Structures are given as structure tokens and as C-alpha cells.
Amino acid sequence: QVQLVESGGGLVEAGGSLRLSCAATGPIDSINAMGWYRQAPGKQRELVATITSIGSIAYADSVKGRFTISRNNAKNTVYLQMNSLKPEDTAAYYCNALSTVNYFTRAYWGQGTQVTVSS
């Protein structure tokens, strides 16, 4: 099974930056895409950014121009660089991986890392 370990969350003032990391272990070659989701208290989990195995990238409209997703294949790690942070970016951020084995696709999640942006 794929395992995901996130790091890099914390407390930052509005306008500041943070970088989240997500290291994947297990059957790495089965991963089709990885991404970041976030969930604020009382709200549904929402997509932030995704990157596929061939490098296609997508962002939520709310983070376009401020957040950048990237990956280091040698380290099996995906990053989320977050700049110009706003209080509304405050949420638990979760790493996600989609893995396909024997034509069956399964989603894996990390444990989450808290990002708090103060105004």
C-alpha cells in the first residue's frame, strides 16, 4: 500500500509563505497522480492542486497564482509552495495519491498537516 507522510505546516502571518512536503512510500510506480486537499472547520474537503505522473497540473481558482505544486521523482516527494497566504487558507492540508493496481484505482491519504494564517 502507498503511504504518505506530510510535513511543513505551521503558523504564519497573512502575506507569508509556507512549503508543504509529502513523501510517498510503497508501490510508487502505481501512482497516477498526487495532490493536495484542504479542509477548514465546518467545511468540506476541497481540492487545492494536483499533479499527474506525466506532469499535468491543476489548481483551484482560489489558489491560482499563489500556490505552486511540484514533485521530485528521485525523492518520491510532492511539494506545495504557498505564497501570499491569506487567513482563508487556514485549514488542515492533506496529501492524496491515486494508485492503480490491476485496473483498480484507490485513493490514499496522508495524516494531514495544519496551516494557520493569522490576520
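Visitor: Before we start, what should I know about the model and its numbering?

Guide: The model is predicted, with local features needing pLDDT of at least 70 and side-chain atom pairs counting only at pLDDT 80 or more, while totals for chains, interfaces and linings use all residues. Residues are numbered from 1 along each chain as its sequence is written, and side-chain values use heavy atoms, with hydrogens and water left out.

Visitor: How many helices and strands are in the protein chain?

Guide: Helices (H or I, at least four residues) and strands (E, at least two) are DSSP runs, numbered from the N terminus. Here the protein chain has 0 helices and 11 strands. Its radius of gyration is 14 Å, close to the 14 Å that the globule rule gives for 119 residues, so the chain is as compact as a globular protein of that length. That radius is taken over C-alpha atoms, and the rule is 2.2 Å times the number of residues to the power 0.38.

Visitor: What share of the 119 residues is buried?

Guide: Buried means under 20% relative accessible area, exposed over 50%, and partly exposed in between (1.4 Å probe, protein chains only). In the protein chain, buried residues make up 39% of the 119.

Visitor: How do I read an aromatic pair?

Guide: Two values describe a pair of aromatic rings: the distance of the centres and the angle of the planes. Rings of Phe, Tyr and Trp (its six-membered ring) pair if their centres lie within 6.5 Å; planes under 30 degrees apart count as stacked, over 60 as edge-to-face and the rest as tilted. This structure holds 1 aromatic pair. The ring centres of Y37 and W109 are 5.0 Å apart with planes at 70°, so the pair is edge-to-face. Y37 belongs to strand β4 (residues 31–39) and W109 to strand β10 (residues 104–109), so the pair ties together parts that are 72 residues apart in sequence.

Visitor: And how accessible are Y37 and W109?

Guide: Y37 is partly exposed at 22% relative accessibility, and W109 is partly exposed too, with a relative accessible area of 37%.

Visitor: Which residues does T52 touch?

Guide: Contact means heavy atoms within 4.5 Å. Not counting residues up to four places away in sequence, T52 touches N32, A33 and R71. T52 sits in strand β5 (residues 46–52) and is partly exposed at 22% relative accessibility.
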